Amino acid sequence: MGQTLGVRKIHVIGIGAGDPDQLTLQAVRALRNTDVFFVLGKGEVKSDLTQLRRDMLDAHVSEGTYRVVEARDPERDRSAGGSAYSPAVGDWRSARADIYERMITEELGEEQTGAFLVWGDPALYDSTLGILEEVLERGRVTFEYDVIPGISSVSALVARHRTGLNRVARPVQITTGRRLAEGFPEGVDDVVVMLDAHQTFRQYTDEDIDIYWGAYIGTPDEILASGPIAEAAPRIERLRAEARERKGWIMDTYLLRRNPRDEHRNG
Ligand SMILES: C[S@@+](CC[C@H](N)C(=O)[O-])C[C@H]1O[C@@H](n2cnc3c(N)ncnc32)[C@H](O)[C@@H]1O
């Protein structure tokens with residue numbers, strides 16, 4: 001890669017959903033070409049995730065060739081619901097942008113390369129790219145950045161269940177638990193749900209839907225469950241509650257696959 005002297009470089013590296021073997025060769029190459037890793041921690045509950053990132057570095061990069069700079073993630077106002085949600089997210093983004101800006105300015109030399117390690121794929125429900133753009137817009141520090149795609153939890157989920165995301169020539173939608181709570185999306189029967197703290201699938205147990213669920217996918221704690229939603233939902237609730245109790249946090253994703261209604265079949 002041609003290096004322009006005097007311009008800081010940043011890699012935004014998708015590191016997969018949790019299995020170190022899901023790092024791509026491109027990601028490993030980028031890790032090896034990084035001087036400073038920026039890690040934002042979420043406190044005790046997510047320290048397992050910080051450790052996983054460290055294990056990936058230990059496995060692929062020679063010791064002594066890089067530094068890790070850690071910062072604490074700003075607290076997010078999760079109590080703000082409804083229309084108040086966006087401003088709360090906005091505040092949190094600019095608090096994060098402050099931290100990124102400071103870390104890049106103070107910890108990355110002008111000819112050095114830094115990296116942010118992003119779970120899954122940086123293109124999916126992740127704010128790193130938006131925050132880096134915000135830092136650039138402020139104009140107080142300049143850098144170039146590139147994005148290394150990663151295996152998202154969505155790809156990892158369906159691979160573990162040995163199924164596809166879409167049915168033949170049909171669309172698929174990726175959404176959040178918050179959105180699913182407002183209703184099943186229009187015009188689509190295959191829906192992947194992320195960021196769902198409330199097991200919103202329970203709203204749909206009366207429908208002819210199959211669920212494919214996974215928690216901590218790709219990690220040694222991985223749990224999978226699937227089946228018709230009426231039968232699988234109570235099982236998933238129990239597995240989820242036990243896992244949450246045991247580990248103190250949970251990360252889960254699921255695919256809801258609605259079976260065609262009779263009018264679809266006939267028409
Ligand atoms: C902030 S988003 C990040 C998504 C990530 N960029 C990706 O491509 O998978 C966090 C959500 O991703 C999902 N997730 C990420 N890693 C996961 C894993 N290992 N197992 C299950 N779900 C996961 C969960 O739905 C979680 O709420």
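Me: Before the details, what am I looking at?

Reply: It's a predicted model. The protein has 8 helices and 10 strands, and buried residues make up 30% of its 267 residues. Of the contacts with a separation of 6 or more, 70% are between residues 24 or more positions apart.

Me: What makes V193 buried or exposed?

Reply: Count the neighbours. V193 has 24 other C-beta atoms within 10 Å, and the cut-off for buried is 20 or more, so V193 counts as buried. As for where that is, V193 belongs to strand β7.

Me: Which residues is V193 in contact with, if I skip its neighbours within four places in sequence?

Reply: T175, T176, G177, L180, T200, T253, Y254 and L256. Take Y254: along the chain V193 and Y254 are 61 residues apart, yet their C-alpha atoms are separated by 5.4 Å.

Me: And L195, is that one buried, partly exposed or exposed?

Reply: L195 has 13 other C-beta atoms within 10 Å. Exposed needs 12 or fewer and buried needs 20 or more, so with 13 L195 lands in between and is partly exposed. It sits in the loop between β7 and β8.

Me: Now the sheets. How do you know that β8 and β10 are paired?

Reply: Two strands need at least two bridges to pair. Strands β8 (residues 209-215) and β10 (residues 252-258) are joined by 7 bridges, so they qualify, and they run antiparallel. At one spot along them, Y212 stands opposite L255 in β10.

Me: What is the strand order in the sheet that holds β8 and β10?

Reply: β6-β7-β10-β8-β9, an open sheet of 5 strands with mixed pairing.

Me: Why are β6 and β9 called edge strands?

Reply: Each of them, β6 (173-176) and β9 (223-228), pairs on one side only. The twist in this sheet averages 15° from one strand to the next.

Me: Which helices pack on it?

Reply: Helix α5 (residues 153-160) is one of them, touching β6, β7 (190-194), β8, β9 and β10, with its direction at about 65° to that of β10. Helix α7 (residues 229-247) touches β8, β9 and β10, and its direction makes about 160° with that of β9.

Me: What about the sheet with β2 in it?

Reply: That is an open sheet of 5 strands in the order β3-β2-β4-β1-β5, with parallel pairing. Its edge strands are β3 (67-72) and β5 (143-148), each pairing on one side only. Neighbouring strands are turned by 25° against each other on average, direction ignored.

Me: How do you know that β2 pairs with β4?

Reply: There are 3 bridges between β2 and β4, and at least two are needed, so they pair; they run parallel. F37, for example, has A115 in β4 as its bridge partner. On to β3: 6 bridges join β2 (residues 36-41) to β3, also parallel, and V39 has E70 in β3 as its bridge partner. Helix α4 (residues 128-138) packs on this sheet and touches β1 (8-14), β4 (113-118) and β5.

Key
Residues are numbered from 1 along each chain as its sequence is written. This is a predicted model: local features need pLDDT of at least 70, side-chain atom pairs count only at pLDDT 80 or more; totals for chains, interfaces and linings use all residues. Helices (H or I, at least four residues) and strands (E, at least two) are DSSP runs, numbered from the N terminus. Axes are lines fitted to C-alpha atoms, for helices over the stretch in contact, and angles run from 0 to 180 degrees between N-to-C directions. Two residues are in contact if their C-beta atoms, placed from the backbone, lie within 7 Å.
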